[in-house]
Amino acid sequence: QVQVAESGGGSVQPGGSLRLSCAVSGSSFSNYRVGWYREAPGKQREFVGAIHMGGSTNYGDSVRGRFTISGDSDKNTVYLQMNRLKLEDTAVYYCNADARWLGRGDFWGQGTQVTVSS
């Protein structure tokens, strides 16, 4: 069974940085499209970005140019580097490993809280 677990959330001031980790177990993360999503209070879950099986990445409009996704195959972990954080980046961030089109399923972590405040 594949499991994903986020870590690295916390509180930071505007303009600061955080790095979130998504540890994948039960399979190599490269067998999945690993995406990051976030959910702020009262808002719908929003796509942040993803790393695809071939290693390419794409990002949501609100974070493009500030956030970067990368993967470490030795640690089987996907990272979300968040720079120039804004108040509106405050949310619970979720990691998702998805390969439903290959019959491998779709797996979510429990989320990690990121709070940007002055």
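**Bridges, strands and a core**

Biologist: What makes Asp98 and Arg100 a salt bridge?

Modeller: The closest N and O atoms of Asp98 and Arg100 are 2.8 Å apart. A salt bridge needs a side-chain nitrogen of Lys or Arg within 4 Å of a carboxyl oxygen of Asp or Glu, so the pair qualifies. This is a predicted model, in which local features need pLDDT of at least 70 and side-chain atom pairs count only at pLDDT 80 or more, while totals for chains, interfaces and linings use all residues. Residues are numbered from 1 along each chain as its sequence is written, and side-chain values use heavy atoms, with hydrogens and water left out.

Biologist: Why is Asp98 called buried, and Arg100 exposed?

Modeller: Buried means under 20% relative accessible area, exposed over 50%, and partly exposed in between (1.4 Å probe, protein chains only). Asp98 has 7%, therefore it is buried. Arg100 has 52%, therefore it is exposed.

Biologist: How many salt bridges are there by this rule?

Modeller: The count is six. One of them joins Arg64 to Asp61, with the closest N and O atoms 2.7 Å apart. Arg64, at 48% relative accessibility, is partly exposed, whereas Asp61, at 65%, is exposed. There is also a network of salt bridges linking Arg38, Glu46, Arg66 and Asp89.

Biologist: What makes Glu39 and Arg45 a salt bridge, and why is each called partly exposed?

Modeller: Their closest N and O atoms lie 3.0 Å apart, which is within the cut-off already given. Glu39 has a relative accessibility of 30% and Arg45 has a relative accessible area of 38%.

Biologist: What makes S1 and S3 a pair of strands?

Modeller: Two strands pair if DSSP finds at least two bridges between them. S1 and S3 have five, in the antiparallel sense, so they pair. Ser7 has Ser21, in S3, as its bridge partner. These strands belong to an open sheet of four strands in the order S1-S3-S8-S7, with antiparallel pairing.

Biologist: Why are strand S1 (3-7) and strand S7 (67-72) called edge strands?

Modeller: Each of S1 and S7 pairs on one side only.

Biologist: Which residues have the most contacts inside the largest nonpolar core?

Modeller: They are Trp36, Leu80, Met82 and Tyr93, in a core of 30 residues. A nonpolar core is a set of buried Ala, Val, Leu, Ile, Met, Phe, Trp, Tyr and Cys residues joined through side-chain atoms within 4.5 Å. Among the elements that give two or more residues to this core are S3, strand S4 (33-39) and S9. Tyr93 touches, among others, Leu20, Trp36, Leu80 and Met82, where contact means heavy atoms within 4.5 Å.

Definitions and conventions: Lists of a residue's contacts leave out its neighbours within four places in sequence.
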